[in-house]
Amino acid sequence: MYKCILLLLLLTGCKDVYRYPCQNPDNFHAEQCQKPKCQFTQQCPEYLVAPILEKKVNEQQSEAKPIN
């Protein structure tokens, strides 16, 4: 009984949390996430998000290629 209540309380507090504001897709167009301002802090969205997305795309392409 207590485990169920504890589990429900923990799940109600779940939300997306980003380490940097510019990782959040909702902030991609914010002034702090636009060049040249974001270059100083190295928090431009393409620096924080793109490498992960690029890796996933490359993995999918290599799996889809037929081996000759």
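Which residue does a disulfide join to Cys 22? Cys 33, with an S to S distance of 2.0 Å. By disulfide I mean a pair of cysteine sulfur atoms within 2.5 Å.

Some ground rules. This is a predicted model: local features need pLDDT of at least 70, side-chain atom pairs count only at pLDDT 80 or more, and totals for chains, interfaces and linings use all residues. Residues are numbered from 1 along each chain as its sequence is written, and side-chain values use heavy atoms, with hydrogens and water left out.

Back to Cys 22 and Cys 33. The torsion about their S-S bond is about -95°, so this disulfide is left-handed. Both cysteines lie in the loop between helix H1 (2-12) and helix H2 (37-41), so the pair ties together parts that are 11 residues apart in sequence. Helices here are DSSP runs of H or I, at least four residues, numbered from the N terminus. Cys 22 and Cys 33 are both buried, meaning under 20% relative accessible area; exposed is over 50%, partly exposed in between (1.4 Å probe, protein chains only).

How many disulfides does a search of the whole structure find? It finds 2. The other bond links Cys 38 and Cys 44, with sulfur atoms 1.8 Å apart. The link of Cys 38 and Cys 44 is right-handed, with 90° about the S-S bond. Cys 38 and Cys 44 are both buried. In sequence order, the bonded cysteines of the protein chain pair 1-2, 3-4.

Last, Ile 5. This residue sits in helix H1. Ile 5 is partly exposed, at 40% relative accessible area.

Key
Helices (H or I, at least four residues) and strands (E, at least two) are DSSP runs, numbered from the N terminus.
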